[in-house]
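Please read the numbered points alongside the sequence and the model.

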Amino acid sequence: MAVMRKSSVANFFVYLVSLLPFWVLYRISDVLYVLLYHVVGYRKAIVYENLTNAFPEKSAEERRKIARKFYRFLPDLIVEAVKMRSISAAEVKRRIVIYGMEELERHFNAGKGVVGVTAHYANWELGIHRLSLLTDHPVLIIYKPLHNKTVDTIYNSVRGRFGAIMVPMKQTLRKIVAYRHQPHISMFVADQTPMYRDSDYFIRFLNQDTLVYTGAEKIAKMTNFPVVFCHIDRLRRGYYCCTFKTLVENPAEVPGHGITDIHNQFTEDIIRQKPEWWLWSHRRWKRKPKART
């Protein structure tokens with residue numbers, strides 16, 4: 001009951017702020033940038049450590065420029081996430097252009113579900129709204145619940161405004177089985193950091209040994225649904241594009257962890273092209289390979 005009351009109050013406050021026009025929200029973002037980067041130094045040590053390890057071939061000045069661009073983008077991401085609470089469907093469609101829709105339609109018309117994969121890149125949150133408005137078929141968003149139940153409740157109420165079905169990771173298999181006989185898309189944000197108990201598979205990602213989830217691969221192999229990457233890119237402030245690309249047509253034919261390798265390599269290629277749009281403040285490499293005994 002206490003969590004519900006807190007969620008209601010916080011949700012109402014977020015709603016009031018979300019009613020502000022974009023130009024006002026971006027002025028707030030300008031102030032947040034100064035606070036996060038110049039005053040507080042929000043997770044600066046983590047950001048610079050991540051950039052140094054990911055791009056040892058770049059100079060310190062090049063990495064500093066990437067960091068500044070990231071910190072300039074981060075508060076935009078925050079205010080845009082708040083705006084999701086009240087943004088109209090028409091405005092969402094105007095702000096995210098879609099490319100490669102024929103990839104999804106081809107699979108849907110064949111009566112297949114789709115295993116969607118994306119990353120913490122550009123505005124993946126607003127991408128949930130755009131995906132929900134893209135098709136009448138069920139849209140399942142696989143997510144990792146937050147420890148803060150109040151924030152988690154608010155996030156999910158916002159994410160589901162246009163019909164997205166929020167599915168906690170541990171319920172993924174059960175939910176996808178329920179929809180297996182009809183076209184749908186299950187979207188995985190695949191660059192999260194798993195617990196050791198959830199995965200033991202390490203890859204080389206951005207020059208580092210990286211523990212990765214294999215859930216998208218397991219679901220794809222079990223169902224033989226095609227794996228489609230949702231690449232959201234930033235065009236300019238407040239405007240994005242989303243490109244769908246089929247990475248694996250027949251998952252059952254891919255041996256080992258090939259599918260996980262493929263979509264993570266695709267993610268890395270995107271990050272290397274425009275590193276400033278990735279979530280560098282994330283503690284992505286806190287899990288290390290266990291020493292063999």
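1. Arginine 72 is partly exposed, with a relative accessible area of 28%; buried denotes under 20% relative accessible area, exposed over 50%, and partly exposed in between (1.4 Å probe, protein chains only). Its salt-bridge partner is aspartate 30, and the closest N and O atoms of the two are 2.1 Å apart. A salt bridge is here a side-chain nitrogen of Lys or Arg within 4 Å of a carboxyl oxygen of Asp or Glu. The pair links distant parts of the chain, 42 residues apart: aspartate 30 belongs to helix 2 (residues 22-39) and arginine 72 to helix 4 (residues 60-83). Helices (H or I, at least four residues) and strands (E, at least two) are DSSP runs, numbered from the N terminus. Aspartate 30 is likewise partly exposed, at a relative accessible area of 22%.

2. On the basis of the note: this is a predicted model, in which local features need pLDDT of at least 70 and side-chain atom pairs count only at pLDDT 80 or more, while totals for chains, interfaces and linings use all residues. Residues are numbered from 1 along each chain as its sequence is written, and side-chain values use heavy atoms, with hydrogens and water left out.

3. How many salt bridges does a search of the whole structure find? The search finds 15. Side chains of opposite charge can pair when their charged atoms come close. One of these pairs joins glutamate 125 to arginine 159, with the closest N and O atoms 2.7 Å apart. Elsewhere, salt bridges with shared partners join Arg27, Asp30, Arg72, Asp76, Arg234 and Arg237 into one network.

4. A further salt bridge is formed by the side chains of arginine 106 and glutamate 103, at 3.4 Å from N to O. Both residues lie in helix 6 (residues 101-109), where they are 3 residues apart, about one turn of the helix. Arginine 106 has 37% relative accessibility and counts as partly exposed.

5. The surface carries a nonpolar patch formed by Val31, Val34, Leu35, Val39, Val40 and Tyr42, which together have about 520 Å² of accessible area. Patches are made of residues with over 30% relative accessible area and no salt bridge, like charges being joined within 9 Å and nonpolar side chains (Val, Leu, Ile, Met, Phe, Trp, Tyr) within 5 Å. Accessible areas come from the Shrake-Rupley method with a 1.4 Å probe, and for residues only the protein chains shown count as cover. At 32% relative accessibility, tyrosine 42 is partly exposed.

6. Two packed helices are described by the angle between their axes and the distance between the axes. Helix 10 (residues 215-223) packs against helix 11 (residues 258-273) at an angle of about 130°, with the axes 8 Å apart. Axes are lines fitted to C-alpha atoms, for helices over the stretch in contact, and angles run from 0 to 180 degrees between N-to-C directions. Helix 10 and helix 11 are therefore oblique to each other; angles under 35 degrees count as roughly parallel, over 145 as roughly antiparallel, 65 to 115 as roughly perpendicular and the rest as oblique. Helix 3 and helix 4 are also oblique to each other, crossing at roughly 130° with axes that come within 10 Å.

7. Most residues other than glycine have a negative phi. Alanine 122 is placed in the loop between strand 2 (114-118) and helix 7, and is buried at 0% relative accessibility. Asparagine 224, not a glycine either, has a positive phi of about 60°. Asparagine 224 lies in the loop between helix 10 and strand 8 (227-236) and is partly exposed, with a relative accessible area of 29%.

8. Glycine 116 is found in strand 2 and is buried, with a relative accessible area of 0%. Its C-alpha atom is separated by 9.7 Å from that of phenylalanine 225, 109 residues apart along the chain.
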